[in-house]
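Thanks, everyone. I'll go through it piece by piece and take one or two questions on the way.

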Amino acid sequence: MRTKVLLALGVFLVAAFLVPTPKKTPKATPALRALLALYHNAGTWTLNGDQVLKVAERIVKKRARRAHRRMKAPNWKKLEKALRKVYGKSFRLTGDSLLKLVGKRDYTIGGSDVYAALIAVNGDGDFLKSYGVKIHGRYATDKGFTLITADMPISSAEKILRDDRVRRVIVTQRMIPTLNKSVPATGAAKIRLRQYGDFPKGYTGEGVVIGDVDTGIDWSHEDFIDPGTGKTRIKYIWDQTIDTPGQTPADSDPDLPSFNYGTEWTADDIDNGLCTETDDDAHGTHVMGIAAGNGYATGNGYHRWRYIGMAPKADIIMVKTDWYISSIVDGIKYIFEKAKDMGKPAVVNLSLGYGFFMEPGGGFGICHYPGPYDSNYPYYSGLYPYGYFFPADGTDDWLTPSVESVIDEYGPGYFVVKAAGNDGHWNTYTDRSGGDYPYTVGAEHAQGDLSQGPFTLKWTQYDYMNHPYPPSSWLWYWETHFAFWFEGNPSVRITVTGPNGTTYVGQSGDYNWVWQPYGPPPYDGDVAFDLSYGPAYFNGDTFGWLDVTYSYNAWYYYYNNYMYLPYYYYQPHPGEWTMKVEAVSGGGPFDVYQHDYLMYYGIPYAVSYVTYSPITYNYDYSKYIIDFGVSDKLITVGSWNTKWYWLASDNNYYTYMTQPWIGTISEFSSPGPTRDGRQKPDIAAPGEIIISSASSNAVWSPSDLAEDGVHAQMSGTSMAAPHVTGAVALIIQKYLKKGRVPNLNQIKGKIEGWARVDLHVRGYGGPPNKGFGYGKLDVVYLKEKPVAVAQHETELTKVKTSVIFVGHKALLDGSASYDPDEFPLTYSWTLESKPAGSSAVIDKADQEVAELTPDVPGTYKVKLVVNNGVWDSDPAYLTLEARVPINPPANFKVERIENTNGFQTEYVNKLTWEANPENSDVKVAKYRIYRRVKGSAGAMELIAEVSAGTYQYLDRGLGANDYYEYAITAVDEDGNESLPAYGSN
Amino acid sequence: MRKLLVIMLFLALPAGIFAGGLFGELSLGYRTQGDSTLRDVYGGGALQPTLGIGTHLGKIHLVLTTGYFTNSGKTLGLEEKTTLSYIPLFVKAFYPLAKGNLHPYVGLGAGFLFYKVKNESEGLEDVSKSAFGFEPEVGVCKPIAQGRAAFLSLSYLFANAKPFETTRNIGGLKVAVGFRARF
């Protein structure tokens, strides 16, 4: 029975979108009321399995009859075909899959129907258990309430909503991977951030955990295997999509007692071949490959280490999510908790989001909304895209605080990086000639200030009927939606004028469907206003919306101002529409978001990055980041373009069709700032045609696989975010090396402060700006400046000295230079100054030890700069005093003698020399004799000084194996020492 | 073991005194350096005076002898002065083969040499040690009066000394003439 009820609810969700809003009593059908009514009357429904499809037809027909409209029965095959374009070729339309698409979690509590939910409550929320709610996570907020992630029986929804301790219930909508394979990419150079350096010694993410909440991971991929041990680098996988009692996180970790769903796999499970988790989508594997793949995997004869991730030695934790926001929040906490147990910091990658507006597969929402609705309708169902309900300023009371709560709970050392989203359209938005439909652009934004007078915007309503894409046969009806956020609580009036002059007026307090009565053509359509909201308690701003839609009397089909019937397509009249927004009283800044909204066969289908009816006047391309990516506690990442082609596994080169400039912002990267004007995104990273680990669980086309067959190309801010995630791991590692753990401000400070700013970045203003944030991620800044040390030593004793001799080579020693991160150095010696008349130059100026042979006496100033592959050091200077040398003794010889008395033998080196006749103008006072072990390069040791007039020295008492090389110098009465004469035996 | 043998011989000597009376002998010989390296350092040899006191045990003559040998030379290499000297303390036994005008005899001595090597070289160490040696001897004895005789002997001393790493025979051939008298 429960299953039948469950299926009935799913059908409702299909049907609810088919139900036209009643013209005169719009308040009569809030969806939750209908949902609950359906539930209470579920006994009359006899649905199971695929029968849901037939029942859906019945609902459609029933509603159609009730609405006096002719509706054609859904064509399920066409619908399935359409959905496959979204969910992949393997998608099969069944009753279960349809229910799953609309947000049903496919398991039950005690046979009851259960939805994943986020519930905002006062207190700890324990009372929810009495309603049959199964609590997973509790996330305290700084706003005085607690967010509960839970499984909620829909049978208890009404009771829960009527409980005064409950502030809001969100039956969570599924997020989506922020992947965009189809966005045009540009560029020429193969630049990946990680290619700036191979981090041979310095930064590999070692000691840091990188987590990802995603589609799963192909744990067998060699990019995640430590080649040294042959064991996996994946420490844990939590598969939220499959429940295995006894193997949930709660079963292994007493700190996660409520995470009693899904299946947990450990590294041992993976190494022992027990893990059955797969990544059929390949998104998660690809993302993790960028963040932490080590490039060990290869094939087709290519060498290894060609596609190395940002942090190739980081530990890995993957949460294969079921995409409900509640599960995603749990996933973040899971990764942090496991990392904490491992004694390591962690950074979690979230290459996911809601998109600018809802996409197929969304759930529904229930707002326990204080205000006018409270008196009559304690709950409100979100029949409309969720984007409408995001305040986009981080103040919402359910989405952002839950993520922030986890971040706050774990504090320094634990970070979340999120993709900005793929709703941008950076290059096509400038073409508004109106002739090139459809615009493949994202939903759009405008902003105004009512204190400055009325605000007018115009848009060109797309003639959907006259264009082949998307196939009109999919379409069921068509609308253009506008959502408003007004600062404060102004009283406003909105006037909409159609292409044929029809005027529609709504004002604050209205919840009206303003329709064009049936009459002679032409028809412009209807406009529905909902300006009835009061200010939201969480930010004091006021929300409102309006829909420009088909005529309610639309069994007529208007095309080219003629009316046809019967038919089942509906659209507002094509052409230029105008909207005027003006203040009746009060009024200040406001934002309005617009997108086209279509529905086919009962499935709402608002393609997030496609709109067909662009704003053409007073358009503002900004504020596209609307979900929890607006939080200051996350690092939000946009994408820029680094590459324009790839070599695929079929040995062909591929590219996308249209190319903006390489180095610029990716076409799809969602622009900021937040609606309240805070900077987002924080940073931009490469996100187009990124080659990374390819899941072997997925089905690939040869053109998407890279040449080695084990890596593949993908594009999207999904690919940009893990670059930053890996970079954060590297920065953490740098802090760990210094015995410290960074906090969020420090990490952001590095990421933003190191951001590379080039002409592409500056082209959008700032930085920061709405596209790149603070610029392009530049992890090479991890490298600190190297330190140059320039020295000169005496040739014999290696004692530091500034004295050199004319005509004799002096060695300039840079070997004491160093790089804090142990990267190899290159050297550059230059002669800064020299005495007049000198033509001396530095030989081997690019070597660690350079040579200078002074040619005239005087002061020589030498500069050394070393480079670690990125940075030049500060210069080191060496000032040398060149003198005319005393000549060393002449005919210096060393003779080895065995001196024995028959019983004992001593070895003696007999040193002989002669006075140098060229020292005739110098009075030699003594001779100094040095030695060092023969063959060594070390300093020579002074072993004797003998007076002038002595020309022999016996170095006695040597062993049979003691061999030395000797040097002798002459010293004048002023202490000036000659260069050495060398000898050895 | 060799030292034990010498000690036993010395213990036997008092028994000989009571058995056959005492005699003394004095000789002067020339001792060569038998080892070729020592010969290179110290030259061919040096005079060695010897003094002894003996007795009879039947036809066996036992003599306790000592003497002094010193030989200087120059080191090989730096030609610095070096001196080898030793004092032997031997017990010798000899046996006359026939009576008549000339009495040939054969003998064998054994005992210790207390030797020194002294160097002027600062690179070589002085040393003072002992070494065991033995010395076979042949000779003829000519009685010249009652209880008195002269003798001519030829002997070769074997004494391996190892003051450091190298072992060398510090002995050599000796030709000596001497006088022996009964008390």
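Just after helix 12 of chain A, A:Gly411 takes a positive phi of about 70 degrees. Helices here are DSSP runs of H or I with at least four residues, strands are runs of E with at least two, and both are numbered from the N terminus. Helix 12 covers residues 400-410 and is mostly covered, with 8 of its 11 residues buried. Buried means 20 or more other C-beta atoms within 10 Å of the residue's own; exposed means 12 or fewer, partly exposed is in between, and C-beta atoms are placed from the backbone. Among the buried residues of helix 12 are A:Thr400, A:Val403, A:Glu404 and A:Ile407.

Now the ground rules. This is a predicted model: local features need pLDDT of at least 70, side-chain atom pairs count only at pLDDT 80 or more, and totals for chains, interfaces and linings use all residues. Residues are numbered from 1 along each chain as its sequence is written, while chains are lettered from A and ligands numbered from 1 in the order in which they are written.

Next, helix 13 of chain A. It runs over residues 717-737, 21 residues in total. From first C-alpha to last it reaches 30 Å, close to the 30 Å expected at 1.5 Å a residue. That expected span is 1.5 Å times one less than the number of residues. Why is helix 13 of chain A described as largely enclosed by the rest of the structure? Because 17 of its 21 residues are buried. Just after helix 13, A:Gly739 takes a positive phi of about 80 degrees.

Stepping back to chain A as a whole. It has 15 helices and 47 strands. Of its 985 residues, 52% count as buried. Contacts are next: two residues are in contact if their C-beta atoms, placed from the backbone, lie within 7 Å. Of the contacts in chain A with a separation of 6 or more, 74% come from residues 24 or more positions apart.

On to one loop residue. A:Gly775 sits in the loop between helix 15 (759-762) and strand 33 (791-792) of chain A. Is A:Gly775 buried or exposed? It counts as buried, because 24 C-beta neighbours lie inside 10 Å. Setting aside residues up to four places away in sequence, A:Gly775 touches A:Ala755, A:Arg756, A:Val757, A:Val761 and A:Pro767. A:Arg762 is 13 residues from A:Gly775 in sequence, and their C-alpha atoms are 8.5 Å apart.

Strand 33 leads us into a sheet. This is an open sheet of 4 strands in chain A, order 33-35-38-37, with antiparallel pairing. Its edge strands are strand 33 and strand 37 (842-843), each pairing on one side only. Two strands pair if DSSP finds at least two bridges between them. Strand 33 and strand 35 (residues 810-813) of chain A pair over 2 bridges, in the antiparallel sense. There, A:His792 stands opposite A:Leu812 of strand 35.

Now a hairpin. Strand 41 (residues 890-900) and strand 42 (residues 905-914) of chain A run antiparallel and are joined by 9 bridges. One of the pairings sets A:Arg896 against A:Asn909 in strand 42. There are 4 residues between the two strands, and A:Gly902 in the turn has a positive phi of about 100 degrees.

That hairpin matters for the next topic, chain B. The contact takes 12 residues from chain A and 19 residues from chain B. On the chain A side, strand 41, strand 42 and strand 45 (952-958) each give two or more residues. Strand 41 gives the largest share, 4 residues. The predictor gives the complex an ipTM of 0.89 and a pTM of 0.64.

Chain B itself has 2 helices and 11 strands. Of its 183 residues, 36% count as buried. Its mean pLDDT is 88, and 89% of the residues score at least 70; pLDDT is the predictor's confidence in each residue, from 0 to 100. Where pLDDT is low, the predicted coordinates should not be read in detail.

Last residue. B:Ala93 is in strand 5 (residues 81-96) of chain B. B:Ala93 is partly exposed, with 18 other C-beta atoms within 10 Å. Its contacts beyond four places in sequence include B:Ile60, B:Leu62 and B:Leu108.
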